[in-house]
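The structure is shown first.

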There are 2 protein chains.
Amino acid sequence: MTQLRQAPSPIAALINKFSKLPTIGPKTAARLVFHLLNRPRHEAQSLAEAIIAVKDNVRFCSICYSLAESDPCEFCSDDRRDAATICVVAEAKDVYAIERTAAFKGRYHVLGGLISPMDGIGPAQLHVKELVERIGRENPREIILATNPNAEGEATALYLSRLLLPLGVTVTRLAYGLPIGGDLDYADEVTIAKALEGRRAL
Amino acid sequence: MTQLRQAPSPIAALINKFSKLPTIGPKTAARLVFHLLNRPRHEAQSLAEAIIAVKDNVRFCSICYSLAESDPCEFCSDDRRDAATICVVAEAKDVYAIERTAAFKGRYHVLGGLISPMDGIGPAQLHVKELVERIGRENPREIILATNPNAEGEATALYLSRLLLPLGVTVTRLAYGLPIGGDLDYADEVTIAKALEGRRAL
């Protein structure tokens with residue numbers, strides 16, 4: 001019997017690697033690989049280099065844990081930004097969602113996730129201790145909890161408000177202009193700006 | 001006024017490059033980048049290397065234009081495969097869709113696309129001349145036209161049947177077990193196998 005042939009191994013290897021990325025299934029992965037095969041080599045080369053560059057040239061700020069090319073990051077080292085207001089977000093990408101509104105002029109603190117017992121993520125896995133230490137050190141006036149308006153985001157906000165209120169700091173939460181069940185990164189600028197305006201004390 | 005901050009430039013650069021790939025929009029591209037930032041460096045490195053490897057180690061077979069690590073490819077150099085039957089497909093990926101059925105034991109010929117006047121693709125842009133030369137050289141018994149069951153695939157099959165029948169070769173078309181308007185690469189193995197069985201003379 002004739003042997004069943006599969007795609008050459010470099011193709012199978014790249015399909016496999018693309019399939020491991022979020023939102024990309026095997027069919028889409030194959031489509032990406034055959035697309036790259038039809039493009040000039042320099043395009044594939046520059047994609048490969050951009051992947052390496054993002055790992056080598058982007059680090060986490062040691063103060064706020066946002067993504068930066070320098071440490072401290074551009075937010076923490078910018079004296080024009082109000083150090084008395086710290087906006088707490090789940091992920092580094094959420095910082096840019098808020099920046100796009102141009103409605104916030106304070107500093108940030110990235111938790112690195114949300115409390116999710118199902119996934120084994122508790123406060124110890126997040127930058128919560130660092131937030132408490134930072135509040136002790138910088139003595140801010142207000143902490144804005146800008147976690148996602150879903151179950152994990154709410155639980156994390158509730159946990160943080162109970163932890164931080166005894167420290168004598170004002171703790172606020174983004175207003176429910178945000179659509180419930182959504183993802184902060186997918187909200188439009190106006191909605192996020194409204195949510196910032198209408199934030200309420202906890 | 002405080003300057004509006006954007007994501008560090010290596011992030012923006014990679015988001016931009018991912019966005020240029022098919023099926024990937026800016027939101028998905030950003031999600032892929034932030035996923036890679038959360039993974040170990042060696043994972044990103046091996047993805048980058050796999051992208052380069054696919055370009056450097058995969059070439060087109062000079063006989064059938066399928067993708068291969070060697071030239072001639074594994075299909076053309078395999079004496080156990082029936083050289084008297086050539087299956088003509090639009091794209092290299094279609095070869096693997098047919099191989100998965102294990103119902104075909106002949107050779108292949110990849111056109112490199114389909115006739116599409118709207119996109120400026122005519123027979124001259126495809127490996128049609130090479131197919132005619134190959135038929136003259138190899139004198140096969142049957143040419144199976146396995147182009148997609150859509151407008152471009154039908155037009156290409158009709159064009160090829162008119163071109164090849166005068167050469168004295170039998171020209172067949174995959175049976176309409178394939179769902180009309182679909183894409184060969186997305187059909188399941190049983191459907192493609194049925195279509196191979198029921199192929200009809202043109």
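B:Glu43 is partly exposed, with a relative accessible area of 28%. In this predicted model, B:Glu43 pairs with B:Arg39 in a salt bridge, where the closest N and O atoms are 2.7 Å apart. B:Arg39 is also partly exposed, at 34% relative accessibility.

Over all chains, the count comes to 16 salt bridges. One of them joins the side chains of A:Arg41 and B:Asp56, at 2.5 Å from N to O. This pair crosses between chains: A:Arg41 belongs to helix α3 (residues 41-57) of chain A, and B:Asp56 to helix α3 (residues 41-57) of chain B. A:Arg41 has a relative accessible area of 36% and B:Asp56 one of 37%, so each counts as partly exposed, the class between 20% and 50%.

Within chain A, A:Glu154 and A:Arg173 form a salt bridge with their closest N and O atoms 2.6 Å apart. A:Glu154 lies in helix α6 (residues 151-164) and A:Arg173 in strand β6 (residues 170-173), so the pair ties together parts that are 19 residues apart in sequence. A:Glu154 is partly exposed at 27%, whereas A:Arg173 is buried at 3%.

| Pair | N to O distance |
|---|---|
| A:Arg41 and B:Asp56 | 2.5 Å |
| A:Glu154 and A:Arg173 | 2.6 Å |
| B:Glu43 and B:Arg39 | 2.7 Å |

Where is B:Ala187 found in chain B? B:Ala187 sits in the loop between β6 (170-173) and α7 (189-197). B:Ala187 has 16% relative accessibility and therefore counts as buried. Its C-alpha atom is separated by 9.8 Å from that of B:Ile98, a residue 89 residues apart along the chain.

Conventions. Residues are numbered from 1 along each chain as its sequence is written. Chains are lettered from A and ligands numbered from 1 in the order in which they are written. This is a predicted model: local features need pLDDT of at least 70, side-chain atom pairs count only at pLDDT 80 or more; totals for chains, interfaces and linings use all residues. Side-chain values use heavy atoms; hydrogens and water are left out. Helices (H or I, at least four residues) and strands (E, at least two) are DSSP runs, numbered from the N terminus. Buried means under 20% relative accessible area, exposed over 50%, partly exposed in between (1.4 Å probe, protein chains only). A salt bridge is a side-chain nitrogen of Lys or Arg within 4 Å of a carboxyl oxygen of Asp or Glu.
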